[in-house]
Amino acid sequence: MATQPKQHKYPAVNLLNTFTPGTNDQQIGDMLGISRSCVVRWRAVGKTLYEYQADNYAIKLGFHPAEIWHNWLDDAMSIA
């Protein structure tokens, strides 16, 4: 049986920090396709995102994930 590759996780707060100050949680949620309450939870509990989620959200905002999470490429190389 083949082992599954390790799923890396990334702090959601890094994604939230890409928004300009003054962008409210509803606007952030609308841009990411999630609810305002989800954004609030991400801030409150230190939510982490799996690589697929992080990649998806970064692309929605026009970023490569490595621009948001600086360890992204190191993590990618560790499973190659």
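User: Which residues is isoleucine 34 in contact with, leaving aside neighbours within four places in sequence?
Analyst: Gly29, Val39, Trp42 and Tyr57. Keep in mind that this is a predicted model.

User: OK, and valine 39, where is that placed?
Analyst: Valine 39 sits in helix α3, which covers residues 36-45.

User: Buried or exposed?
Analyst: Valine 39 is buried: its relative accessible area is 0%, and the cut-off for buried is under 20%.

User: What does valine 39 touch, then?
Analyst: Not counting residues up to four places away in sequence, valine 39 touches Leu16, Asp25, Ile28, Gly29 and Ile34.

User: And how far is valine 39 from lysine 60?
Analyst: Their C-alpha atoms are separated by 15 Å, and the two residues are 21 apart along the chain.

User: Let's talk about α2. Which of its residues are buried?
Analyst: Asp25, Ile28, Gly29 and Leu32 are the buried residues of α2. They are on the same side of the helix, because the arc they cover around the axis is only 100 degrees.

User: What covers them?
Analyst: The cover over the buried residues of α2 includes α1, α3 and α4.

User: Now the largest nonpolar core. How many residues, and which touch the most other members?
Analyst: That core has 19 residues, and the ones touching the most other members are Leu15, Leu32, Ile34, Trp42, Leu49, Tyr57 and Trp69.

User: Which helices supply at least two residues each?
Analyst: α1 (12-16), α2 (25-32), α3, α4 (51-60) and α5 (65-68) each do. As a general point, nonpolar side chains tend to be buried together in soluble globular proteins.

User: Zooming out, what's the order of elements from the N terminus?
Analyst: They run β-α-α-α-β-α-α-α. In total the protein has six helices and two strands.

User: What does the C-alpha trace span, and how much of the protein is buried?
Analyst: The trace spans about 45 × 25 × 20 Å along its principal axes. Of the 80 residues, 32% count as buried.

User: What share of contacts comes from residues 24 or more positions apart?
Analyst: Among contacts with a separation of 6 or more, they account for 57%.

User: Last one, surface and charges. What are the values?
Analyst: The accessible surface comes to about 5400 Å², and 54% of that belongs to carbon and sulfur atoms. On the charge side there are 7 positive and 7 negative side chains, with the centres of the two sets 11 Å apart.

Terms used:
Residues numbered from 1 in each chain as written. Predicted model: local features only at pLDDT ≥ 70, side-chain atom pairs only at ≥ 80, totals over all residues. Heavy atoms only, no water. Helix = DSSP H or I, 4+ residues; strand = E, 2+ residues; numbered from the N terminus. Buried < 20%, exposed > 50% of the residue type's maximum accessible area, 1.4 Å probe, protein only. Contact = heavy atoms within 4.5 Å. Core = buried A, V, L, I, M, F, W, Y, C linked by side-chain atoms within 4.5 Å. Areas by Shrake-Rupley, 256 points an atom, 1.4 Å probe, with all protein chains shown as cover. Lys, Arg positive; Asp, Glu negative; His and termini not counted. Charge placed at Lys NZ, Arg CZ, Asp CG, Glu CD. Arc of directions from axis to C-beta.
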